[in-house]
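User: Could you walk me through this fold? I'd like to start with the sheet and then move on to other parts.

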Amino acid sequence: MTKKALITGITGQDGSYLAEHLLNLGYEVHGIVRRVALEEPERRFHRISHLLDKVVLHAASLESYPSIFHIFSQHDFDECYHLAAQSFVAESFADGFSTMNTNINGTHYMLAALRELRPRCRFYFAGSSEMFGKVRETPQRETTPFHPRSPYGISKVAGFDLTRNYREAYGMFCASGILFNHESPRRGYEFVTRKITSTVARIKMGQARELRLGNLEARRDWGHAADYVRAMHLMLQQDEAEDFVVATGEAHTVREFCERAFAEVDMDWREYVSVDPQFERPA
């Protein structure tokens with residue numbers, strides 16, 4: 001029998017790669033999108049434009065429990081991948097209220113609707129390495145205590161705890177993936193990796209003269225999104241629900257990323273990169 005999966009955040013980087021992966025495995029793939037996205041498909045669906053005739057899209061909002069409830073009342077999913085979130089850390093400092101509302105309430109609405117209507121559906125929550133924040137040990141693992149240092153990280157810890165609570169309190173198959181940074185050509189331009197690569201390309205083409213960044217010594221573990229969505233799927237294939245850290249095990253600085261990116265076009269990064277304090281995080 002064909003498995004049926006629901007993806008929130010299907011139009012994002014991870015959602016688009018996960019949709020491809022599940023389709024290749026023979027799944028029937030459904031996705032939740034905002035109604036405004038259906039009105040602007042050319043702009044909103046650019047990451048999944050090649051999949052539109054293969055997936056089923058439902059208009060709903062993570063801020064509306066009735067809209068989520070309605071979808072689960074109409075469809076019996078085998079797996080649910082909850083990827084949708086306000087995921088830009090800098091924006092979470094600028095608008096913490098929206099970040100908390102979308103990320104925490106949205107996760108709670110998904111879990112509550114599943115418990116009420118489809119308790120046997122396996123649920124994946126997209127956690128984040130931002131949950132670790134001020135780390136107490138290196139490398140981090142599943143048992144490392146959380147000390148988030150951004151509204152985004154705090155919201156993800158709350159989502160993680162909600163997911164674990166539904167697993168323990170109601171016996172549901174709910175697993176969280178604590179994923180470190182994962183990138184791709186589909187990454188949003190507001191994220192540092194795409195900001196660097198896109199600006200390098202513009203400088204090379206004579207369309208820009210400078211790349212302004214924050215802390216060049218910030219260290220990140222960068223993987224590839226297409227690899228990490230395979231890990232998401234594998235988590236829901238286990239006999240028992242568990243939480244897993246997904247990372248490459250290698251950390252690199254933003255400075256190193258700049259060096260590599262400019263080297264690809266035979267340019268010296270030091271001639272074009274400047275540090276701007278406005279791009280540094282408060283914590």
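This is a predicted model: local features need pLDDT of at least 70, side-chain atom pairs count only at pLDDT 80 or more; totals for chains, interfaces and linings use all residues.

User: What's the strand order in the open sheet?

Analyst: The seven strands are arranged as β3-β2-β1-β4-β5-β6-β11 and pair in parallel, and neighbours in this sheet are turned against each other by 20° on average, ignoring direction.

User: Why do β3 and β11 have a side left without a neighbour?

Analyst: β3 (56-59) and β11 (244-246) are the edge strands with a single partner each, so one side of each has no neighbour in the sheet.

User: And which helices lie on it?

Analyst: Helix α6 lies across β1, β4, β5 and β6, running at about 170° to β4, while α9 (residues 225-235) touches β4, β5, β6 and β11, and its direction makes about 155° with that of β6.

User: How does α4 pack with α6?

Analyst: Helix α4 (residues 65-74) and helix α6 (residues 96-117) pack at about 40° with axes 9 Å apart, in a right-handed crossing. Residues of α4 including I68, F69 and F72 meet a set in α6 that includes Y109, M110 and L114, and the contact residues comprise ten nonpolar, one polar and one charged.

User: Switching topic, what lines the second largest pocket?

Analyst: Its lining includes W222, H252, F257 and R260, and the space amounts to about 260 Å³. Helix α10 (254-263) gives the largest share, four residues, and by class the lining has five nonpolar, two polar and three charged residues.

Terms used: Residues are numbered from 1 along each chain as its sequence is written. Side-chain values use heavy atoms; hydrogens and water are left out. On a 1 Å grid over the protein atoms alone, a cavity is a set of points where a 1.4 Å probe fits but cannot get out, and a pocket is an open set with protein on both sides within 12 Å along at least five of seven lines; lining residues have an atom within 4 Å of a point. Grid points are joined across faces, edges and corners, and a volume is the space filled by probe spheres set on the points. Helices (H or I, at least four residues) and strands (E, at least two) are DSSP runs, numbered from the N terminus. Ala, Val, Leu, Ile, Met, Phe, Trp, Tyr, Cys and Pro count as nonpolar, Asp, Glu, Lys and Arg as charged, and the others, Gly among them, as polar. Axes are lines fitted to C-alpha atoms, for helices over the stretch in contact, and angles run from 0 to 180 degrees between N-to-C directions. A crossing is left-handed if the near helix is turned anticlockwise from the far one by less than a right angle, and right-handed if clockwise. Contact means heavy atoms within 4.5 Å. Two strands pair if DSSP finds at least two bridges between them.
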